[in-house]
Amino acid sequence: MTTAERVRRADRAQATVLRRLDSGQLLLICAAGLVAVAGVAHTAAVGLDRPEIAIGFGALIAVGELARLTMPGNREVAPIGAAAALGYTLLLDLSQNQLRHSALQVVAVIAAGMIAGALPHLAVGRPPRLDAMARRLLTGALLAFAFRPLADPLYQLTKPPPGAHTWWPALVVMVSLITVTLLVDVLIAALLRAERLRTAFRVAVRDEINMAFPLGAAVAASGVLLALATHSMDLVALLVFAAPLLVTQVAFRKYAGIRATYLQTVRALSRVTEVGGYVEPGHSRRVSRLAVAVGRELGMAEPELLELEYAALMHDIGQLSLRDPIPGGATVLADPEQARRIAELGAEVIRQTGVLDRVAEVVRRQCDEIADDPPLSSRIIRVANAYDDLVGPSTDRDRSGAALERIGLTAGSAYDAAALDALTRVVGRGRV
């Protein structure tokens with residue numbers, strides 16, 4: 001592939017990304033762009049304070065952006081770059097010489113490092129997520145504008161008579177401001193996630209706290225340690241800390257890769273019933289998407305949604321035990337005892353994996369009556385499966401309305417009323 005073809009490919013990918021952005025993402029990107037322009041313009045006008053330090057930290061930020069990864073939940077993170085940005089923001093002195101770089105210079109260094117790290121990805125047609133980059137830049141800028149005005153008085157507190165523990169005030173200020181910044185970052189991420197996935201804001205906040213906050217806390221600790229180590233070790237600290245951070249990032253990348261491979265394996269397994277002609281093509285995938293959308297509508301947490309997705313993908317795998325396939329694979333039209341038997345056989349197959357016992361239980365109880373109190377995931381799958389059995393890939397609104405009305409006739413006994421209401425809202429929005 002020539003360079004021109006790569007550039008055209010990157011331009012097309014970037015245009016696709018921009019078309020998919022929501023209003024909140026566009027606002028965030030515009031705000032980050034304005035802050036970055038202000039930082040670069042100010043730094044270009046007054047010059048860099050201690051350019052060798054700025055270049056060193058900027059290079060580490062660029063390495064972090066170059067090695068960014070996507071975590072579960074489609075969260076793009078750059079732990080090394082974020083830790084380097086924090087370290088540069090919190091740096092008070094180097095070799096006993098006070099550093100006086102401003103918050104705008106910090107913003108300029110972060111922005112330059114991010115752009116430098118993103119260029120190789122753009123060259124091969126892998127554009128970064130602009131909203132994720134903008135969020136990282138804005139949270140870094142927020143901390144810089146809060147901390148750098150306090151850098152001079154905090155530095156003065158680190159120079160009293162020997163023996164006094166004068167670093168404690170600086171550490172307290174650092175930890176306090178970082179905590180506030182992390183909380184703001186969680187709220188911004190939750191706002192974007194709630195808008196993108198059309199989920200409740202409180203649910204998005206809970207998921208971000210559970211899934212993203214621990215990594216953010218680890219990155220924050222690394223940034224503080226990097227700033228303190230640079231105080232004693234000069235720029236050698238960048239090399240010393242870069243190695244363990246790279247090892248940690250490799251571990252995160254492997255974990256994310258395993259999760260992605262696991263989901264791909266489950267999706268491939270779910271297609272066995274389609275290849276064998278037991279269900280209509282795309283049925284398992286459509287039921288999975290519907291079920292996850294309904295679960296999100298009902299406020300299920302992210303780990304629960306992942307289990308729901310696994311169970312929905314494999315909810316019909318028990319049909320492989322049938323000698324004569326059900327016409328169209330529509331278990332909603334099958335005898336209740338036969339449907340229950342299919343669910344039990346499918347659960348037994350899933351249980352053989354040894355790691356999906358909870359998913360197997362969800363599949364086993366998907367045909368239980370409401371009076372038997374099946375798990376919420378089982379109720380959701382039953383409603384989503386019945387809807388897709390009746391509608392299939394059709395987008396006809398009359399057919400969809402008739403299917404929902406037919407399912408609603410037995411709501412409260414066979415089908416969960418709350419799950420059916422959530423499905424109705426999801427289908428009504430036309431966005432799964």
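Visitor: Which helices each supply at least two residues of the lining of the largest cavity?
Guide: The model is predicted. Its largest cavity is lined by Leu90, Leu91, Leu92, Asp93, Trp167, Met174, Ala227, Leu228 and His231. Two helices each give at least two residues to that lining: helix 7 (167–197) and helix 9 (213–233).

Visitor: Which helix gives the largest share of that lining?
Guide: Among the lining residues are Ala227, Leu228 and His231. Helix 9 spans 213–233. The largest share, three residues, comes from helix 9.

Visitor: What is the volume of the largest cavity?
Guide: The structure holds one cavity of 30 Å³ or more. By class, its lining has seven nonpolar, one polar and one charged residues. The volume is about 30 Å³.

Visitor: Which helix gives the most to the lining of the second largest pocket?
Guide: About 880 Å³ of space lies in this pocket. Its lining counts 45 residues, and the closest to the centre are Val77, Arg135, Arg136, Asp185 and Gly216. The top contributor, with nine residues, is helix 7.

Visitor: How do the residues lining the second largest pocket divide by class?
Guide: Asp185 and Gly216 are among those closest to the pocket centre. Asp counts as charged and Gly as polar. The whole lining divides into 26 nonpolar, eight polar and 11 charged.

Visitor: Is glutamate 76, a salt-bridge partner of arginine 68, buried or exposed?
Guide: The closest N and O atoms of the pair are 3.2 Å apart. Arginine 68 has 11% relative accessibility and counts as buried. The cut-off for buried is under 20%. Glutamate 76 has a relative accessible area of 8%, so it is buried.

Visitor: What separates glutamate 348 and arginine 351 along helix 14?
Guide: Their side chains meet in a salt bridge at 3.4 Å, N to O. Glutamate 348 is partly exposed at 39%, and arginine 351 is partly exposed at 30%. Because they lie three residues apart in helix 14 (residues 336–351), the separation is about one helical turn.

Visitor: Which residues do salt bridges that share partners join into one network?
Guide: The count comes to 23 salt bridges. One of them pairs glutamate 76 with arginine 68. Shared partners join one network: Glu65, Arg68, Glu76 and Arg136.

Terms used
Residues are numbered from 1 along each chain as its sequence is written. This is a predicted model: local features need pLDDT of at least 70, side-chain atom pairs count only at pLDDT 80 or more; totals for chains, interfaces and linings use all residues. Side-chain values use heavy atoms; hydrogens and water are left out. On a 1 Å grid over the protein atoms alone, a cavity is a set of points where a 1.4 Å probe fits but cannot get out, and a pocket is an open set with protein on both sides within 12 Å along at least five of seven lines; lining residues have an atom within 4 Å of a point. Grid points are joined across faces, edges and corners, and a volume is the space filled by probe spheres set on the points. Helices (H or I, at least four residues) and strands (E, at least two) are DSSP runs, numbered from the N terminus. A salt bridge is a side-chain nitrogen of Lys or Arg within 4 Å of a carboxyl oxygen of Asp or Glu. Buried means under 20% relative accessible area, exposed over 50%, partly exposed in between (1.4 Å probe, protein chains only).
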